[in-house]
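Work through the two exercises below with the sequence and model at hand. Each task is followed by a stepwise solution.

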Amino acid sequence: QAVVPETDSTSNVPKNGKKVYLTFDDGPSIYTGEILDILKENNVKATFFCVYNDDRSVWPYYNRIVEEGHTLGMHSYSHIYNKVYASRESFVEDVTAIHDFLFEQTGVDCKYYRFPGGSSNSVSNVDIQEFMEYLYSKGITYYDWNSLSGDAVDASLSAEQLNANIMEYVRNNAGDSMVLMHDLQNGYATVEGLQDLIDTLKSEGYEICPIDENTVPVQHVRYAGAS
């Protein structure tokens, strides 16, 4: 039987104080609506690191993410590694393209970014610090993760396996958890397991939050020029 954590009556935040940030990369997809429905039913806010999708039928989801109180983040325009990371110029072009596209769709001046492959990726032809310097100059904060489901690594994993992977990290992280999941056309197990994941997190006393300006970034590689 799950033990209900004691809460502070003034804030209703679990005393363990651990926050969990559910983040979804690579969307929107044909499943974004289902993800948003589940989040809405549970009064949970998440973060979506979006790319450009040329399927216009999913474009309304960009707006719905914002309208329903979730955080909109950038995850590149093309998500093609050798294009995004070919040079500083190509990186700037890509960030500008996704920023401007999301602004056209939603009116949001997006200030949150997740590097394709993370800041510790080994595919970039350019020192990642150069890209970080550009983001920093634009007031854009990048976020990596310290918990992941593995949904983009192995498409055969079941919803139960994905959630078990996430909870293993969440329970063992010393502080808050930034959970990496994906909003993919070919990855329905993430959607299938979302309700159970939310139930488990709530039953164990975690506070589920969207990224905002007060969120301490999880970063695999730090920007050397940061104060």
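**Exercise 1: Cysteines**

Cys110 has a relative accessible area of 1% and is therefore buried (buried means under 20% relative accessible area, exposed over 50%, partly exposed in between, with a 1.4 Å probe and protein chains only). The model is predicted: local features need pLDDT of at least 70, side-chain atom pairs count only at pLDDT 80 or more, and totals for chains, interfaces and linings use all residues. Residues are numbered from 1 along each chain as its sequence is written, and side-chain values use heavy atoms, leaving out hydrogens and water.

Task: Determine how many disulfides the count comes to.

Solution.
1. A disulfide is taken as a pair of cysteine sulfur atoms within 2.5 Å.
2. For Cys110, the closest cysteine sulfur is that of Cys50, 8.2 Å away, which is too far for a bond.
3. Cys50, at 1% relative accessibility, also counts as buried.
4. The count is zero disulfides.

**Exercise 2: Helix H7**

Task: Check the span of helix H7 (residues 189-203), then describe its bend and its buried residues.

Solution.
1. Helices (H or I, at least four residues) and strands (E, at least two) are DSSP runs, numbered from the N terminus.
2. The expected span is 1.5 Å times one less than the number of residues, so the 15 residues of H7 should span 21 Å. The end C-alpha atoms are 21 Å apart, in agreement.
3. At Gln195, H7 bends by about 35°, the angle between axes fitted to the seven residues ending there and the seven starting there.
4. Buried residues of H7 include Val191, Leu194 and Leu197.
5. Gly205, with a positive phi near 85°, follows H7.
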